[in-house]
Amino acid sequence: MKKILSLTVMIFTLAACQSGSCNVESDIEKELEKIGLQNVAEEIPEIEVYMVYATPYNFMGRVLYEGLDEAYLVPEAIEMLRLANEILRKKRLDLHLIVYDAARPRSIQQKMWEVVENTHLQDYVANPNKS
């Protein structure tokens with residue numbers, strides 16, 4: 001059985017369509033690229049991307065990312081992830097990295113906060129109204 005090393009990248013978050021029908025770049029993805037974020041899958045194809053907030057299988061229990069197809073990160077994070085992947089591949093060919101979360105638009109952060117505010121889950125989500 002293949003072992004998997006999971007790397008959760010919680011820098012900012014976007015999403016992935018689980019249906020496989022999101023092959024066309026969305027307006028949000030275009031905006032992310034316009035502000036300089038990079039597509040993880042395009043930059044480092046050997047890293048798996050599984051955006052958990054694009055599925056109901058997360059601690060929120062609901063899909064939060066809709067209509068987005070890829071994970072995006074700032075270039076500095078891409079380079080660190082690339083280096084981590086290179087180090088791992090030199091040491092363990094039977095392992096690989098998985099990105100579960102990446103660039104999160106403020107609107108999604110607000111949506112998450114509204115779901116958990118004043119609940120036992122509040123400590124797990126940053127309040128988008130605080131700096």
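Numbering starts from 1 along each chain as its sequence is written, and side-chain values use heavy atoms, with hydrogens and water left out. Because the model is predicted, local features need pLDDT of at least 70 and side-chain atom pairs count only at pLDDT 80 or more, while totals for chains, interfaces and linings use all residues.

Let's start inside. The largest nonpolar core has 25 residues; such a core is a set of buried Ala, Val, Leu, Ile, Met, Phe, Trp, Tyr and Cys residues joined through side-chain atoms within 4.5 Å, where buried means under 20% relative accessible area and exposed over 50%, with a 1.4 Å probe and protein chains only. Val40 and Leu81 have the most contacts inside this core. Helices H3 (75–91) and H4 are the elements that give it two or more residues; helices here are DSSP runs of H or I, at least four residues, numbered from the N terminus.

Leaving aside residues up to four places away in sequence, Val40 touches Pro45, Ile47, Val49, Ala71, Leu73, Ile78, Leu81 and Val99, a contact being heavy atoms within 4.5 Å.

Now for H4, which spans 106–116. Ile108, Gln109, Met112, Trp113 and Val116 are its buried residues. Seen down the helix axis, they fall within an arc of 140 degrees, so they line one face of H4; the arc is taken from the directions from the axis to the C-beta atoms. Ser107 and Glu114 are exposed on the other side.

Just after H4, Asn118 takes a positive phi of about 65 degrees, although it is not a glycine. Asn118 is exposed, with a relative accessible area of 69%.
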